Amino acid sequence: MSPLSHDVIEMALKDLSLWHFDKDAIRRDFCFETFAHAFGFMSEMAIIAEKTNHHPEWFNVYNRVNIRLTTHEAKGVTQRDLDLAKAMDKAAKLRGL
C-alpha cells in the first residue's frame, strides 16, 4: 500500500472541508455538546475502525475529540484514511455537527 500524493489528498479534502493535511496525516477536531455525545461518537467510530482494521489516533477531553488519520505501514495518508474520515463526517453530521 502506497501513500496518496499531496495533490490527491488536497482534492479529497475539498469534500472533507473540516479536515486538514498535516505532514503524513489528516486531522480534524470535533466538539460535541457533552462528554456522553463525544464518547458515543467515539464508540460508533471504534466499531467501524475495528471492522475495517484501520484505527484512528485520537484524543478526548470532555466534549472534544481530536483525530489524526494516517496509515502507518504506508507512512502516509491512504484511501483507508479518507474513507474513515468520510464515515466520521457522516456520523458527526447526524449529530448536528
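1. Buried means under 20% relative accessible area, exposed means over 50%, and partly exposed lies in between, using a 1.4 Å probe and protein chains only. Phe32 is buried, because its relative accessible area is 5%. Phe41 counts as buried too, at 0% relative accessibility. Phe30 is also buried.

2. A word on the source. This is a predicted model, in which local features need pLDDT of at least 70 and side-chain atom pairs count only at pLDDT 80 or more, while totals for chains, interfaces and linings use all residues. Residues are numbered from 1 along each chain as its sequence is written, and side-chain values use heavy atoms, with hydrogens and water left out.

3. Next, the aromatic rings. Rings of Phe, Tyr and Trp (its six-membered ring) pair if their centres lie within 6.5 Å; planes under 30 degrees apart count as stacked, over 60 as edge-to-face and the rest as tilted. The whole structure holds 5 aromatic pairs. One of them is stacked: Phe30 and Phe32, 6.1 Å centre to centre, with 15 degrees between the planes. Phe32 and Phe41 form a tilted pair, 5.0 Å centre to centre and 40 degrees between the planes. Trp19, Phe30, Phe32 and Phe41 form one aromatic cluster.

4. Now the helices. Helices (H or I, at least four residues) and strands (E, at least two) are DSSP runs, numbered from the N terminus. The axes of H2 (residues 35-52) and H3 (residues 79-94) come within 11 Å and cross at roughly 150 degrees. H2 is therefore roughly antiparallel to H3. Angles under 35 degrees count as roughly parallel, over 145 as roughly antiparallel, 65 to 115 as roughly perpendicular and the rest as oblique. Axes are lines fitted to C-alpha atoms, for helices over the stretch in contact, and angles run from 0 to 180 degrees between N-to-C directions.

5. Which residues make the contact of H2 with H3? From H2 come Phe41, Glu44, Met45, Ile48 and Thr52; from H3 come Arg80, Leu84, Ala87, Met88, Ala91 and Ala92. Contact means heavy atoms within 4.5 Å. By class, the contact has 8 nonpolar, 1 polar and 2 charged residues. Ala, Val, Leu, Ile, Met, Phe, Trp, Tyr, Cys and Pro count as nonpolar, Asp, Glu, Lys and Arg as charged, and the others, Gly among them, as polar.

6. Two further residues of H2 deserve a look. Gly40 lies in helix H2 and is partly exposed, at 27% relative accessible area. Ala46 is in helix H2 and is partly exposed, at 34%. Gly40 and Trp58 are 18 residues apart in sequence and 14 Å apart in space, C-alpha to C-alpha.
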